[in-house]
Amino acid sequence: MDKKNLCDLDVAGQKVLVRVDYNVPMDETGKITDDTRMRASLETIKYLLEHKAAVILMAHLGRPKGQVNIKYSLAPVAKHLAKLLNMPVAFAGDCIGEEAEKAVQKLKPGKVLMLENLRFHKEEEKNDMDFAEKLASLADLYVNDGFGVSHRAHASVEGVTHFLPSAAGFLLEKEIRFVGQAVENPLHPFVAIIGGAKVSDKIGVIENLLEKVDALLIGGGMANTFLAAQGHKMGKSLVEYDKITLAKELLAKAKARKVKLLLPVDLVMAETFAADASHKVEKVAKLDQKYMALDIGPATSTLYQDALQDAKMIVWNGPMGVFEMDAFCKGTEAVAQAVAKSRAMSIVGGGDSVAAIEKLGLAKKITHISTGGGASLEYLEGKVLPGVAALDDVRRKIVAGNWKMHKNVDEAVELAEDIVSDTNGTLNEVVVFPPFTALESVAEAIDGKHVGYGAQDLHWEDEGAYTGAVSGKMIADICAEYVLIGHSERRTMFGDNEVAVAKKMRAAYRNGLKPMLCVGENAQERAEGKTSRKISMQLKSALKGITPDEAEVLVVAYEPLWAIGSGQAATAKDAQEVCLLIRNKLEKLFSADIARKVRVLYGGSVNAKNAADFAISGIDGVLVGGASLDAQAFSAIARSI
Ligand SMILES: Nc1ncnc2c1ncn2[C@@H]1O[C@H](COP(=O)(O)OP(=O)(O)O)[C@@H](O)[C@H]1O
Ligand SMILES: O=C(OP(=O)(O)O)[C@H](O)COP(=O)(O)O
């Protein structure tokens, strides 16, 4: 995940505003009937309390339409939270204004305050900036731990991040990691189970998952529409006849992508939509037209269980039938048992699906139970969640331009000045690497501006009889910040082997320079599937003896040799996979925290046309060659990453 999390914030003595999702079911007496979402937030709250923060919780309950309505007060939730935390939880009768301000003033580090329902103010759902600023004025820092509401661009989810340093809570980070993996790097065979009432509720998810899965199992009311699209007569079943064409398109897409799409072969048919309705199991091919389908049948349950047996990753969202009625919950329970029994990485989201798992006591057998229904659906659709996108990035992206052996002094200064003016305002870090002859002039021309500069290489000794060489000490003397080490051209044309690279790394750190270490495989190694082994060896050799503190300022550039100067860039997915491999290797060499902080770039035939492809999770910027010699092209790249 590329967003800051709690560990990146210094919370001691700070007032931390935490957005949680406590939109929990209650019975008519106000008793909370399922506190899963509250329990899921405890890790974040306890971390903040242990680190001496004053914790201010804000949440919504229901949809009171901007009106104060006692039915949706969070007071009972605050009481229940006190029991879960086994400590007092103060409660403010409003989320902004004098009452909230007084409560916050009284709040001490190590204590918790719950604010009243945000949605008593219509400005919350309107993402009103004045309202967001009033919320933000209560605190020093903001943490979003409400995954279930992060698909909403509301003031407490998105707006408030414009006024406070922000980070993800542990629950949000865990949700994004698991649900995100299913979308970005699924394990195969990858099987998805989609159920629920209507296909119209989950079109986006089905379309996106059809790009990723090996098998898709469909149940619930939405299966009826697919069966009708195949020509089956569905009697009084819930069928969305206006979605028949769509269902046919999805069936065709699955076939074209060779995705095994399974539909029920038998159904539990009921005379009426009622818990005590008379019902019977019938084959899909011959359904009683006076009846309606309210669950998948036993043969279908067996078919789906078999399809799940060898899965390595399973995503399940939506029940297989009218789960809330005992007579029609068996299909959902059978799927729940199969998912729990599977050795796959299993991710379950959606109120009814999660309820089935909880009812059967199978929660511990599921890898990740999502606390978000709509949020997990939208994430599975591949949508950006506003509540996540709004958070501060853990690593500022870098766009670096390696000018190689081009530009005399005047040209170099002109190019650098043009880049300064053209990249003004970009959030990304911009760095240029001029030739040595122009480095000092460029440094003088842009020093103090937002564009950084560095050297394209260095010798590993600080001084001595090394004709033609330039030392780290000399580079530091003109206040350069970065130095490229191990660029493929140094390795292939000038004999920089792993020993030389390792000595240059030491020289860089000895002189206070930030190394931009280039690693990458050649065409043959790639063809032989040796990329991972080659890069792991390069990293291990170059980083030997480097301390964690030194590693924190390291930048690694993945530059596949076959893509340098060839005009043939790696695909964004290939680059993402290798950058992930590099980060995993950094975690093994140092720690997860260092691996999160190190920036990992892609380089190799990046240009203004393809740069945006590399603006994806896990890639923290680009190292640009030829395209960096033109200010406009390079600035376009700096804006598109
Ligand atoms: N065959 C069916 N006919 C009508 N409704 C169904 C059928 N199967 C499931 N449903 C309904 O689907 C609803 C749950 O769908 P959904 O909200 O998508 O699931 P989740 O809450 O797990 O996200 C339940 O209210 C259930 O009654
Ligand atoms: O319960 C929630 O969504 P969900 O029912 O999709 O899980 C979240 O708290 C968001 O609530 P909202 O759908 O009223 O914005």
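Trainee: Which residues does Leu216 touch, not counting residues up to four places away in sequence?

Mentor: In this predicted model, Leu216 touches Ala192, Ile194, Ile206, Leu210, Val259, Lys260, Leu261 and Leu262, with residues up to four places away in sequence left out of the list.

Trainee: And which residues touch the most other members in the largest nonpolar core?

Mentor: That core has 78 residues, and Leu216 is among those that touch the most other members.

Trainee: Changing topic, which residues surround ligand 2?

Mentor: The surrounding residues are Asp21, Asn23, Arg37, His60, Arg63, Arg119, Gly148, Arg152, Gly373 and Gly374.

Trainee: How many of the shell residues are nonpolar, polar or charged?

Mentor: Five are polar and five are charged, while the shell around ligand 2 has no nonpolar residues.

Trainee: What are the distances from ligand 2 oxygen atoms to the side chains of Arg63, Arg152 and His60?

Mentor: For Arg63, an oxygen atom of ligand 2 is 2.6 Å from a side-chain N or O atom. The corresponding distance for Arg152 is 2.6 Å, and for His60 it is 3.1 Å.

Trainee: What percentage of ligand 2 does the protein bury?

Mentor: Ligand 2 taken alone exposes 390 Å², of which the protein buries 79%.

Conventions:
Residues numbered from 1 in each chain as written. Chains lettered and ligands numbered in written order. Predicted model: local features only at pLDDT ≥ 70, side-chain atom pairs only at ≥ 80, totals over all residues. Heavy atoms only, no water. Near = heavy atom within 4 Å. Polar contact = N/O pair within 3.5 Å; in protein donor to acceptor, adjacent residues only side chain to side chain. Areas by Shrake-Rupley, 256 points an atom, 1.4 Å probe, with all protein chains shown as cover. Nonpolar A, V, L, I, M, F, W, Y, C, P; charged D, E, K, R; others polar. Core = buried A, V, L, I, M, F, W, Y, C linked by side-chain atoms within 4.5 Å. Buried < 20%, exposed > 50% of the residue type's maximum accessible area, 1.4 Å probe, protein only. Contact = heavy atoms within 4.5 Å.
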